[in-house]
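Take a walk through this model, one region at a time. Keep the sequence and the coordinates side by side.

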Amino acid sequence: MAQILIFVKKLHEFAGFKLHINLAGMIVISLLEGAGIFLLAPMLSMIGLFDSNSEVIPIVSWIVEPLNGWPDGIKLSVILGIFISLLVFQALLQRYQTNLNEGIEQGFIRHLRLGIYEALLQSDWSFFLKKRKSDLIHIMTSELPRVSYGIYQSLRLMTTFLFTFVQIGFALWLSAPLTASVLICGLALAVYSRKFIRKSKTIGDQTTSLSQSYIAGMTDHFNGIKDIKSNMMERQHMTWFRSLCYRMEHNFVQFTRLQSVSQYNYKVASGLLVALFVFLSFIVFHVQAEKLVIIIIIFSRLWPKFSMLQSGWEQIATTIPAFKSLLDLEKEYAAAKEMNLQDIYNIENPLRINQGIECRNVYYRYETNHSAYALQDINLHIPANRMTAIVGKSGAGKSTLIDLLIGLVKPEKGEVFVDGNPLTIASMFSLRRAISYVSQDPFLFHASLRENLQIAAPHASEKQMWEALRFTASDDFVKKLPQGLDTDMGDRGLRLSGGERQRIVLARAILRKPSILVLDEATSALDSENEAKIQEALELLKGTMTIIVIAHRLSTIRNADQVVVLNGGRVIQQGGYQQLSLERDGMFGQLLDYQARAKR
Ligand SMILES: Nc1ncnc2c1ncn2[C@@H]1O[C@H](COP(=O)(O)OP(=O)(O)OP(=O)(O)O)[C@@H](O)[C@H]1O
């Protein structure tokens, strides 16, 4: 419950006076409904349904007294007129309040959605390394609507509660002992029904974990669909999916069953209560007929509200785990926050690097409770406007070193310097403004080629786009695409071959006119001819920007000014290509030998 209160507080902060107007509207609607019910007594008496003395009923006496002595027809018309006016006013207010409610709810959800996405973009890279992407998608797509539903139910519950409260007030005014005895029965039922709320919460926990598995499973399966189909793994996946679907079905059915039991209990109890009620009225409390009619009308309208309160609580209880997921995520975000998004936007100027980037005694571990360091004792200088190649066996720490140099991860020990100044959070963002990074797994958005290029350089002209494409030997195949630059790239750029995709991503990186170009195995999927073209292009860039390259194919780094060899997270060799290739006992020489042998 504490989780919901936190969100109600947030709702209050967000909606402010609108929420107050909403609550006031609810109270007025309930009061009008109560007053309308009071008018039923004189109406029924005039029609002749019972012989009434309306003066004994509060409010009614104020209206009926001035009409005494008037003909019955006019009296009835006046009362009916007041009744209709109350109804119309109440209906109008109700309409306004419903719209206001929806506006508040949807506005609040938008506010939460934007907040989560903003916090996501403000989080550091280590947050994304630890978090399953599908869990974030799950929260944005499944948990947020549940939170929205929980808030809607909470507002509805509040309305029902206020309505019930006001109506109980009227009933108490008419007959305190009778109302009190009905309330005691209602309270006893509410205490008995607490177990239903607890069970609802357990079912809600299961709903969260099942929908999390569902989205995680679907994401994994779609990412690996080629492996599934080509390795005939359909049966295993179908079995997993079927079992999950059964469990999800059971989860929903279980909740409906639970609700039907609690609603059944309420119905039976209401029958028993009506009998008790009539008995008490006549035999014990001797309530006057007029008052009894009004009390019966009030309670006949109130009892469904009691059962709505119960079912509302149960519905809210199932959404509590979703509220909890959101709060947990907020805590994780707070711990992982790098900087405010607005401050990030304000960093417009790329960092100018004159001397270079340097690591001093740097150590880094992915998990601090794990003894293995991905990088250790790194002392390294990456000179500005030169090409540095980082090589080493798989798992040596090359990509981790790049992440550290561009400030994506922070050293556990030691420090990174740019032109002799320690890398701070602010300078790190300026540094990233200066970088174009091409990863091992080049990614294109499901949009046209033009849009994919514009993401990196929104103001690039068509001419500049073609220049970048020519630079990366992509212009020929782009011209052959059905709609040229406007061709859709498909899901993750699936429309292109691996090598074509790499060249487009490289063109995008160049288009940004970076002062540091980082290529993490960016040409691994290219054939020799295209790779040679890219090498020539990179040669042209040398001297104009700092280039850092990770490459397994050592032939591609022949022109590097500096080669850094990593092994087991340590720098074991460093120097010019020629110099290192002559050190025959060194790892670089060994790597060159392996590749020469593999070629033969
Ligand atoms: N997200 C992660 N969580 C935990 N350990 C990781 C993570 N990423 C990498 N590692 C570990 O850190 C070490 C260095 O990994 P890194 O990716 O930097 O190697 P690499 O030299 O780039 O390898 P490759 O050439 O295969 O891409 C490896 O032992 C790897 O298992």
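Where does A372 lie? A372 sits in the loop that runs between strand 1 (356–364) and strand 2 (375–383). The model is a predicted one. A372 counts as exposed because 10 other C-beta atoms lie within 10 Å, and the cut-off for exposed is 12 or fewer. Now compare A372 with F445. The two are 73 residues apart in sequence. In space, their C-alpha atoms are 35 Å apart.

Step back to the domains. The domain assignment gives domain 1 as 2–341 and domain 2 as 444–513. Taken over C-alpha atoms, the centres of domain 1 and domain 2 are separated by 52 Å.

Helix 1 covers residues 2–15, which makes 14 residues. From first C-alpha to last, helix 1 reaches 20 Å, close to the 20 Å expected at 1.5 Å a residue. I4, F7 and L11 are the buried residues of helix 1. Viewed down the helix axis, these buried residues fall within an arc of 60 degrees, so they line one face of helix 1. The face turned away from that buried side carries exposed residues: A2, L5, K9, H12 and E13. After helix 1 comes G16, with a positive phi near 55 degrees.

In an unreviewed entry, UniProt places the feature "transmembrane region" at residues 21–44, 74–93, 147–166, 172–192 and 264–285. Two of these can be checked against the model. Residues 74–93 are 100% helix and 0% strand. The end C-alpha atoms of residues 74–93 lie 28 Å apart. Residues 172–192 are 95% helix and 0% strand. There the end C-alpha atoms lie 24 Å apart.

Move on to the annotated domain. UniProt, again in an unreviewed entry, lists residues 357–593 for "domain: ABC transporter". Over residues 357–593 the chain is 35% helix and 24% strand. The end C-alpha atoms of this stretch are 31 Å apart.

Now find the ligand. Which residues surround the ligand? They are L129, Y366, A374, G392, S394, G395, A396, G397, K398, S399 and T400. Helix 13 (residues 398–405) gives the largest share of this shell, 3 residues.

Two backbone details remain. Most residues other than glycine have a negative phi. D419 has a positive phi, near 50 degrees. D419 is placed in the loop between strand 4 (413–418) and strand 5 (421–422). Is D419 buried, exposed or partly exposed? D419 is partly exposed because 14 other C-beta atoms lie within 10 Å.

A473 also has a positive phi, near 55 degrees. A473 lies in the loop between helix 16 (462–471) and helix 17 (475–480). Why does A473 count as buried? A473 is buried because 22 other C-beta atoms lie within 10 Å, and the cut-off for buried is 20 or more.

A372 is exposed, D419 is partly exposed, and A473 is buried.

How values were computed: Residues numbered from 1 in each chain as written. Predicted model: local features only at pLDDT ≥ 70, side-chain atom pairs only at ≥ 80, totals over all residues. Domains from an automatic or database assignment. Near = placed C-beta within 6 Å. Helix = DSSP H or I, 4+ residues; strand = E, 2+ residues; numbered from the N terminus. UniProt positions renumbered as here; feature names shortened; annotations may be inferred. Expected span 1.5 Å × (residues − 1). Arc of directions from axis to C-beta.
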